[in-house]
Structure formats: structure tokens, C-alpha cells
Amino acid sequence: MKIVLENLTKKFPGRNKKSKDEVIAVNNFNFEIPDGKLIGLLGPSGCGKSTALNLLCGLLAPTEGKIYFGEDEVTNLPAENRGVGFVFQNYALYPHLTVLQNIMFPLENLKGKDKLTKEQMREKALEAAKLVQIDELMDRKPGQLSGGQQQRVAIARALVKMPRVLLMDEPLSNLDARLRLQTREEISRIQKETGITTVFVTHDQEEAMSISDMIVVMKDGVIQQIGEPQKVYDEPENLFVAKFLGTPPINVFTGEIKEEKLWIGSDFCMDVEGVRNQEVYVAIRPEGFVFCQEETPERKLHCCLQAVEVMGRDISVVATHPLLENVVMRAIISSETKVDTGRKEISFELKKNKVFIFNKETEERIYLK
Amino acid sequence: MEKKEVKGWLYLLPAALFLGVFLVYPLIDVLIYSLEEGYNFASQTYFGVGLYNYSYVLHDPYFLQALKNTFILVIITVPLSTGIALLISLGLVSIQKLRDLYHTLFFLPYVTNTLAVGLVFMILFKKTPYSDGMINLLLNMVGISSVDFIDGPYWAKMFVLCFYTIWVVMPFKILILTSALASVNPLYYSAAKVDGTSRFRTFVKITLPMISPSLFYLIITGFIGAFKAYSDAVALFGTDLNAAGMNTMVGYVYDMLYGNSGGYPSYASAAAMILFMIVLTITCINLLVSKKYVHY
């Protein structure tokens, strides 16, 4: 089921009675989610991503705009008639019911021609449980399950009705690091097996990047960029997106463009043809540095070495620079490179495709020719 | 480990001592009294040991009347008051405006003196040579003739007693139930909504189990409280409850000890033991039933 959002806006009245400031949690969303894809809604806390999910689900009514599932407009349809499955952040499993009863709960609500017999319900519930691999735990209560198992039950409960759309609110945030890794692969697998269009919300960029077919990066209720994860990572449209994606985070310097040359302080970094003179932010991915063993004056970024962290496959060079916006900068380089830790001053060459330049006022990307 | 245990007992000692002196000892004493036949308070003597006291009490028409009254009171007021309190609490948690005002209004009976409330009920229900009482005036308006609720037929008196009891116990139940309802995580309702659960089913399948511990607590204390009813009847019908035919079991015990027919501690003890056994049995049944239905 394809999902289309048109001018979707949600405003909340201000908390404070004196000031009539509205909070715009979701601001004019326009995008289309293709059928059968896994979409990650990504943004920092409080950016309106959960609100967006609740709008899709029907638990909240939009202030303006329309939502379509396929060809049907569902904007004013209550949640129960939209055919959505929802996995809550805290799972919201009914604690007094067993796993089986929890999974069967949505089926027992069906009325009229959709009504199922007890046997059919049990069968469907078992099917959903098998899909998420919890069919051995059917008689337990949620309190007797681990976080990961509860999460699976919640997914099974959302899937058992074969919803048109599956929505997940921070599905992994309550799991420990190891389980998170495992569960996110699981989610990806389940989504592929069922082919249900799935939207999930997360503040963890790694999580979103790793399993989504498409990510939507949000900030303060406004969509910053939509696209395939790798594309968004490689071509961020503004400084926020560049900073938000990637671990370790991107290194941001203040720089200047003078006569089609990019300068960071007194270091000439690279040629930028056809760009007018201006002050800019220069963002460089950690993998965009090439370590120089010898001093050569041309096209180098000079930094003060602070530490070298060995991480096995790569090494991470921690350094400082007076024009750096971050506290320290990190360069990830191959572990075969020898870095003399006794040196104070080190220098890097830059990989051109890992360097992004943003206008200092608008923070919008300046594209190079 | 052992040292810890000794410490534990030591901490419990003061409470255990008090309970022993003021609860366990009197309980045993009452049991002994109830078995001593023809016990004389003044001379502290008795003729023999046996079940005569029980037999006397169980054949006493006043006791049987009190037993019947108490049972009717329990059977009517406990389910009704709990049910109505639940309805009102549901209403209270679903309104936004004036919620605090209604909370206060519903809580007022709790902080009002029983006897004062009894007086108000007298004014509402009592028929005097000068006035038929407010309720009768209302009844007359819809074409029903006056009934004397305080000195009249048995069912009318029982009605007032039940009405009064329900009204008095309601605020506490509302207090407990509103907080129980408010503590149900709203996520469960969202989840139920997404799954297309009807409101009735949500209530039965989610709300009720979630508040079942509080509900169960109210039912148990309600039973015990109703079995021990006495002051309510006094507030409405005066101290001579036997004459009014509205005596309760606790009232009977009191009368046997200090009333006009008083001075019979053996009979009073036997009646008290019977009451104790009834309350114990019903509470045990409650506990057994709750194991099946109450979710903690």
C-alpha cells in the first residue's frame, strides 16, 4: 500500500495560557511512500516524528492536509478503520493476558463477515508468532518475557490482522545494544517477508540507515531530506543532515571561499570553481581524510594531534583545530597507516567527495561543479 | 542469616505485643465466654461448658432479625455501591471541565459526621405530624402516596438504610477507583483503539482487569464494613433497634452487653463469634475467587 501525504500539518495549542504560541509539530509534509518499502522517520528528540506517526495511525487528527493509503483518503478515518498495525515504544502489551491472548486480541474485535472462529484465530495468531519466532512462548504473560521477546509479541500483535500499513514508534529504543542489532535485522526480515509498507520512527541514525529503504530526516517539524540512506549520507542537502548522519559525526570547520579557493584558516584545502566569495561551513566526513607522512605545503589541513585510537580495522585520529566547530575532530584511516604519536602537528589531504560546503547563514549546501 | 531473623522478630515485637494483648487475647476470651454457660458477671461463675449460648442466640428472634437485616444490607449495598462508584469514577475521569469540583462534591459525605448525615436523612425521609418529609413530597408530586420511611413498613426502612449506607461508603470507593482508573497507562487504550476494540470490550477486557486489585480491595472491605454496620442504623432509627426491627448483628451484640436486655456477655460473645465466622468465611471465599480474576 502506497502512502501519500499532502500538506500534512499538525499544530498543538501552546501550553502557556498567556502566550498563544502554537507548536507546529509537523509542518507541511509532502511526500510519497512507495508500496512495500521500509521507511525510517529520523530526527532528534522532539522533532515531531512520533506526531507524524500518530497522524498516519489516526490517533491524532491533522490540523491541515490529507493522507492517502493507496487511492483511499484516510485523513478523517478513525484509527480502527485504517487497517494499520501499530507497535508502541513501550510495546503496550496487555499485562493480564498471555502472549496468545495478546496476539489474538485484534482478531477478536473483527465483526460481521470478517468474524473468525476460535480455531481460525488461534491459527492466525500462531502464524504471526512463528513469523517473529515466539511460538514457544504463547502461554506466558508479558511480565515473564525479556524486552526483545516483548517487542516480538508487539510486532506479532500488530501484524496478525495483516494491516495495510505497519507503524513502529522507536521499536528498538528499549532494547540493549546487542539485542537492538539483532532485532533490527529481524524487523527488516519480517518486513521483507510480509511486504507490508512499514514506517518506523527512530532518533538513532545508524538504526535508520541500516535497515530502511528510504529515510526521512526531520528537524523541528520540517522535513530536511528524503532519500535512500546512502544517498542522503553521501549528498546531504544541508548542514543539519550532514551533522545528523554518520558516526563518528562529521567534522565541521568554519572556512572561507576566496577567488574560487576553499580556505580553512591559512590552509588552502581545495579548488572550488564557480563559487562566489563567502564565509562557509566546511563539513568533512571522518573517512574523508588522507593522512600525510611528510610535510608538503600544498592543499593540506594542518591539525594538532591529540590521540590515536586503535579500533582494529581502522584507527581513529583525534585532533584539534582552532576553526573546528566540534570539540575534537576524528579522522578514520586504515590501520596500515603508521601514525607517529610523538608528533604534535599532523596534516591531512582531503577526499573531495567527502567534503561538503554549506552557506554560513542559510546552512544550505553549496554544490560544486 | 539467623541473626537477621532474630533482628526481624525483634522489630516485629512491639506490634506483635500490642496485637496479642488487644486482639488475640480478647478474641480467645470471647471464644471462652461464648462457651461458658450461665456465666454471671458479678460472681464470675458459670455452670458448665457447652454450646448452649450459640443455641440460644440462634433461636432468638431478635438475632435472626438482625442476621436477616445484615445479610440484606450486605447483599444490596456492596454490589450497588461499588457499581455506582465505578460508574461515577468513569464519568469523573472522562470529563475535563469541573472535574475538581465534582471530585470535591463526591467526597463531601466522607468528611461529614455519620450522625449529622443521619439527621439530614431523617429530615428527608421522616414523616411527622407537621410534614411528610421531602422525599414524600416528591413522591406525592408523581402521584404516589406518602410512606413513613422511618417508622413505617419494613421494606421502606430497609430502603432508607441501604440508601444511606451506599451514600456514606460511596466517596471512599470513588476516591480509590478514580485513582485506579487514572493510573491505567493510556497507551493500552491507544493500542486497543488501533486494534478497533469497541468501547465496551475495552472496558471489560482492559479497564476492569487493570483496576481489579482496587476493585477487589473495595469489595472485601465493603463486605466487612457492611457486616459490621451499626452506627448507620442508630443514626436513622435511634438506639432501640430491636423495637424498630432494624437491628444489625453488631447492634445485637451491643444490646446483649449494654442495652435494655443487657448484661449477657455469654450471648453477646456467641453472637460475636458467629459474626466473626461469617466474615471470615466470606473473606476467604473472596480471596479464593480473586485468585482467578484479579490481575496484579
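Chains are lettered from A and ligands numbered from 1 in the order in which they are written, and residues are numbered from 1 along each chain as its sequence is written. In this predicted model, local features need pLDDT of at least 70 and side-chain atom pairs count only at pLDDT 80 or more, while totals for chains, interfaces and linings use all residues.

Chain A is divided into domain 1 (3–244) and domain 2 (251–366); such bounds come from an automatic or database domain assignment. The C-alpha centres of domain 1 and domain 2 of chain A lie 39 Å apart. Their contact takes 7 residues from domain 1 and 8 residues from domain 2 of chain A. Two residues are in contact if their C-beta atoms, placed from the backbone, lie within 7 Å.

Between the chains, 13 residues of chain B are in contact with 14 residues of chain A. On the chain B side, helix H8 (186–194) and helix H9 (199–227) are the elements that give two or more residues, and H8(B) gives the most, with 6 residues. Helices (H or I, at least four residues) and strands (E, at least two) are DSSP runs, numbered from the N terminus.

The largest nonpolar core has 156 residues. A nonpolar core is a set of buried Ala, Val, Leu, Ile, Met, Phe, Trp, Tyr and Cys residues joined through C-beta atoms within 7 Å. A residue is buried if 20 or more other C-beta atoms lie within 10 Å of its own, exposed if 12 or fewer, and partly exposed in between, with C-beta atoms placed from the backbone. Helix H7 (residues 154–182) of chain B gives the largest share of this core, 10 residues. Among the members that touch the most others are Leu41(A) and Ala271(B).

Ala271(B) is one of the buried residues of H13(B). Helix H13 (residues 265–293) of chain B has 29 residues and reaches 41 Å from its first C-alpha to its last, close to the 42 Å expected at 1.5 Å a residue; the expected span is 1.5 Å times one less than the number of residues.

Asn28(A) lies in strand E2 (residues 23–33) of chain A, whereas Gln133(A) is in the loop between helix H3 (118–131) and helix H4 (147–159) of chain A. A cis peptide bond joins Thr247(A) and Pro248(A), with omega about -10°.
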